[in-house]
Amino acid sequence: MRANWESVVEKVLSYPNSDELGILFQLLLTEEERSAVAGRLKVFQLLLQGDLSQRQISADYQVSIATITRCSNYLKNMQPEQKQKIQQLLLD
């Protein structure tokens, strides 16, 4: 059986509230994985805000420079309209 990411996204979207969605994520992700996802989300938000350097983000939020660099490179390689959409999703 091959996993289908689209079916995961559809399942996530089908949950009516954050409590039930939290239960799904507890089932699918380990505590370490949930922490990594939360950390990566925070890094993207901070990079998009542009107020802190990568070193400051690493020190203030205990995130590795490697993770911050991956997120930063991903943002740098995005098409402008895609980056704008991400900003709307993560900062608004």
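**Which residues in α3 meet Gln-54, Ile-57 and Tyr-61 in α4?** They are Lys-42, Val-43, Leu-46 and Leu-47, where meeting, or contact, means heavy atoms within 4.5 Å. Keep that in mind as you go through the views below.

**A word on the model.** This is a predicted model, in which local features need pLDDT of at least 70 and side-chain atom pairs count only at pLDDT 80 or more, while totals for chains, interfaces and linings use all residues. Residues are numbered from 1 along each chain as its sequence is written, and side-chain values use heavy atoms, with hydrogens and water left out.

**View 1. The whole chain, to get your bearings.** You'll find six helices and zero strands here; these are DSSP runs, numbered from the N terminus (helices: H or I, at least four residues; strands: E, at least two). The C-alpha atoms fill a box of roughly 40 × 30 × 30 Å along the principal axes. Of the 92 residues, 17% are buried (buried is under 20% relative accessible area, exposed is over 50%, and partly exposed is in between, using a 1.4 Å probe and protein chains only). Take the contacts between residues at least 6 apart in sequence: 42% of them join residues at least 24 apart.

**View 2. Helix α3 against helix α4.** Residues 31-49 make up α3 and residues 54-61 make up α4; the two pack at an angle of about 140 degrees, with axes 11 Å apart. Axes are lines fitted to C-alpha atoms, for helices over the stretch in contact, and angles run from 0 to 180 degrees between N-to-C directions. That angle makes α3 oblique to α4 (under 35 degrees is roughly parallel, over 145 roughly antiparallel, 65 to 115 roughly perpendicular, and the rest oblique). Sorted by class, the contact has five nonpolar, one polar and one charged residues. Here Ala, Val, Leu, Ile, Met, Phe, Trp, Tyr, Cys and Pro count as nonpolar, Asp, Glu, Lys and Arg as charged, and the others, Gly among them, as polar.

**View 3. Helix α3 against helix α5.** The axes of α3 and α5 come within 10 Å and cross at roughly 55 degrees, which means α3 is oblique to α5. Among the α3 residues in this contact are Arg-40, Val-43 and Phe-44, and the α5 side includes Thr-67, Cys-71 and Tyr-74. The contact divides into eight nonpolar, two polar and two charged residues.

View 4. Phe-44 and Tyr-74 sit edge-to-face, 6.2 Å centre to centre and with 70 degrees between the planes. Rings of Phe, Tyr and Trp (its six-membered ring) pair if their centres lie within 6.5 Å; planes under 30 degrees apart are stacked, over 60 edge-to-face, and the rest tilted. Phe-44 is in α3 and Tyr-74 is in α5 (residues 65-76), so the pair ties together parts 30 residues apart in sequence. Phe-44 is buried at 15% relative accessible area, whereas Tyr-74 is partly exposed at 48%.

**View 5. Helix α3 against helix α6.** Helix α6 (residues 80-91) packs on α3 at an angle of about 115 degrees, with the axes 10 Å apart, and that makes the two roughly perpendicular. Phe-44 turns up in this contact too, along with Leu-41, Gln-45, Leu-48 and Gln-49 of α3; they meet Lys-83, Ile-86, Gln-87, Leu-90 and Leu-91 in α6.

**View 6. Around Val-12.** Val-12 lies in helix α1 (residues 5-13). Leaving out residues up to four places away in sequence, Val-12 touches Leu-21, Leu-24 and Phe-25.
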